[in-house]
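Please read them with the structure open.

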Amino acid sequence: MVVLITGVTGLVGSAVAKLFLSPEFTVKALVRNPASHAFVKSISDKIEIVEGDILDVLSLENALQGVDYVIHAAAMVSFSPKERDNMYKVNIEGTANVANACLAAKVRKLCFVSSVAALGRPAQSLFHEGEEVHINENQKWESSDTNSHYAITKYMAECEVWRAQAEGLSTVIVNPSIILGESDWTKSSTQLFKYVFDEKPFYTQGFINYVDVLDLSTTIKTLLLSEIENERFCVSAGLISYKEFFEKIAHNFGKKSPSFEVKPWMMDYIWRFEAVKSWLTGKAPLITKETAKTSRLHVSYDSTKLIKATGLTFNSLDKTLERVCTNLVSKL
């Protein structure tokens, strides 16, 4: 069987590709520039590399020739206003192109890697201090001041998948929370590890929902090859405060944990300062108005549906952090 993966150079795509490296599968990887990615080079003799882009319809059509299954993991994650237009284009138009190409190629099933952000959140006025809000796949999307532009793009991308589903494409959608795994220090959630490794002093009052990239990869493969179709699944292993999360990472690194709590009123000043600094330096801000607003929310995501449907379990957070931290240090 032939599996095409988009976003193979990212945290999720690379982990899924490794999982499918077996005699039963041929892995095709859609990559814009294979020569610039170390991961692709390291397994180039085990996969079929196809140069292309999800915004290039012709390259997608070419890549999907003879493909049985597609995992669409390519996406852009940004909370920076200057990258917003490109993010809308990549996440929505790119997903529409993938879904259309899958329909034309008559693939068996498409797995779309979405996000818990696409489930949506209630308006901030509905959050009460100290109250934990539980969200699962049944959460109804609504316009809300707690939904980031990234969340909007992922929700609209899901709409494209549902539209293709209505047109006859077999699909499954996974909605992971923050994904923890081995990656570049400067990319995705691995930046959180770098933050602690550098012994930065600050932490916020908020909470983080997390899932191990290995668990997410197993989930994707299990759902893709199962008879389950036209469903979406929240994929989150648990909830922890940023303070405790940073303390656990610091312990694994043998570093000092962030100890200065950023009060809610401070965040309004910090994101404005970061916006000015970004404008002057051209670098993406560490904190934006969107991330400042959502950092204080107490939201937990429920994976009960996934567990009941598949019987899958999650790695413990301690086990995940120990593995990831050890891997990151070994690359220094």
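1. Buried means under 20% relative accessible area, exposed means over 50%, and partly exposed covers what lies in between (1.4 Å probe, protein chains only). By that definition Tyr 242 and Phe 246 are both buried. Across the protein chain, buried residues account for 50% of the 332 residues.

2. On the basis of these notes: this is a predicted model, in which local features need pLDDT of at least 70 and side-chain atom pairs count only at pLDDT 80 or more, while totals for chains, interfaces and linings use all residues. Residues are numbered from 1 along each chain as its sequence is written, and side-chain values use heavy atoms, with hydrogens and water left out.

3. The protein chain has twelve helices and 14 strands. Helices (H or I, at least four residues) and strands (E, at least two) are DSSP runs, numbered from the N terminus. A contact is a case of heavy atoms within 4.5 Å. Of the contacts in the protein chain with a separation of 6 or more, 75% are between residues 24 or more positions apart.

4. Which strands form the open sheet, and in what order? Three strands form it, in the order S8-S10-S12, with mixed pairing. Strands S8 (178–180) and S12 (238–241) are at the edges with a single partner strand each, so one side of each has no neighbour in the sheet. From one strand to the next the twist averages 45 degrees. Two strands pair if DSSP finds at least two bridges between them; S8 and S10 (residues 207–212) have three, in the parallel sense. Ile 178 has Tyr 210 in S10 as its bridge partner.

5. Helix H8 lies across S8, S10 and S12 and runs at about 90 degrees to S12. The axes behind such angles are lines fitted to C-alpha atoms, for helices over the stretch in contact, and angles run from 0 to 180 degrees between N-to-C directions.

6. Aromatic rings deserve a separate point. Rings of Phe, Tyr and Trp (its six-membered ring) pair if their centres lie within 6.5 Å; planes under 30 degrees apart count as stacked, over 60 as edge-to-face and the rest as tilted. The count is eleven aromatic pairs. In one of them, Tyr 242 and Phe 246, the ring centres are 6.0 Å apart and the planes at 45 degrees, so the pair is tilted. Tyr 242 and Phe 246 are four residues apart in helix H8 (residues 242–253), and therefore separated by about one helical turn. Phe 245 and Phe 246 also form a tilted pair, with centres 6.0 Å apart and planes at 45 degrees. Phe 245 has a relative accessible area of 0% and is buried. Ring pairs join Phe 193, Tyr 195, Tyr 242, Phe 245 and Phe 246 into a cluster.

7. A charge sits over a ring if NZ of Lys or CZ of Arg is within 6 Å of the ring centre and within 35 degrees of the ring normal. Lys 255 lies over the face of Phe 197, 4.4 Å from the ring centre. Lys 305 has its charged end over the ring of Phe 233, at 4.9 Å from the centre.

8. Two residues other than glycine have positive phi. Lys 106, with phi of about 55 degrees, is in the loop between helix H4 (84–105) and strand S5 (109–113), and is exposed at 71% relative accessibility. Asn 230, with phi near 55 degrees, is in the loop between helix H7 (213–225) and strand S11 (231–235), and is partly exposed at 31%.
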